Amino acid sequence: MPSHAHRFDLQALNAMDCDAFVAALGPTFENSPWVARSAWSLRPFATIDALHEAMLDVVRRAPDAQQLAFLCGHPELAGREAQSGTMTAESVGEQGSAGLNALSREEMAEIQRLNRVYRERHGFPFIIAVRRSTKGQIFEALRSRAAESTEAERRAALTQIGLITRGRIDTLLGASTFQGAVHA
């Protein structure tokens, strides 16, 4: 993941006004600053765990339509956002760490097909914490999870988002608690 220009500590985050808090933490939840804005009122956070859990709770408690829009705001793996250069810096680094930025022509065709099948079935993109996962593990997870129920996949996507965002928050705060290994 790209390093942020500024690292913060929890005390500094707790002391920030809403706009500064959103500017610092907004990118951790993939183009959804509303998550940080809603979590700001829950300060002060005693621990990084409490901060992260509060932000996840904002997403979990969001109305269904807002939660679905949030899921749809995530980029497809090696999808059009990656190809057009419009992904967040965080997503670029994460997908690159798994080799998704260097797919063969055949792998690209396969991931595009799998992404399409998944999105058509579930209505949102496949989401997985790719850090420290191999391309093979990611492809296998995409194949197997495409066959799951949409309800199960929505829960799985939120679980994966929890892993992704915890890694991003730990990076922002210079913490080393996130292990990043995820296998669906």
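Student: Which residues does Arg-37 touch, not counting residues up to four places away in sequence?
Tutor: Arg-37 touches Cys-18, Asp-19 and Val-22, where contact means heavy atoms within 4.5 Å. Please note that this is a predicted model, in which local features need pLDDT of at least 70 and side-chain atom pairs count only at pLDDT 80 or more, while totals for chains, interfaces and linings use all residues. Residues are numbered from 1 along each chain as its sequence is written, and side-chain values use heavy atoms, with hydrogens and water left out.
Student: Where does Arg-37 lie?
Tutor: Arg-37 lies in helix H3, residues 33-40. Helices (H or I, at least four residues) are DSSP runs, as are strands (E, at least two), and they are numbered from the N terminus.
Student: Let us change topic. How do H4 and H10 cross?
Tutor: The axes of H4 and H10 come within 10 Å and cross at roughly 140°. Axes are lines fitted to C-alpha atoms, for helices over the stretch in contact, and angles run from 0 to 180 degrees between N-to-C directions. The angle therefore makes H4 oblique to H10; angles under 35 degrees count as roughly parallel, over 145 as roughly antiparallel, 65 to 115 as roughly perpendicular and the rest as oblique.
Student: Which residues of H4 and H10 make the contact?
Tutor: Among them are Met-55 and Val-59 of H4, together with Thr-165 and Ile-169 of H10.
Student: What does Thr-28 touch, not counting residues up to four places away in sequence?
Tutor: Thr-28 touches Met-55, Thr-165, Arg-168 and Ile-169. Thr-28 lies in the loop between helix H2 (18-25) and H3, and counts as buried at 1% relative accessibility.
Student: Finally, which residues of H5 are buried?
Tutor: In helix H5 (residues 64-72), Gln-67, Phe-70 and Leu-71 are buried. What covers the buried residues of H5 includes H3, helix H4 (48-60) and helix H10 (150-173).

Key:
Buried means under 20% relative accessible area, exposed over 50%, partly exposed in between (1.4 Å probe, protein chains only).
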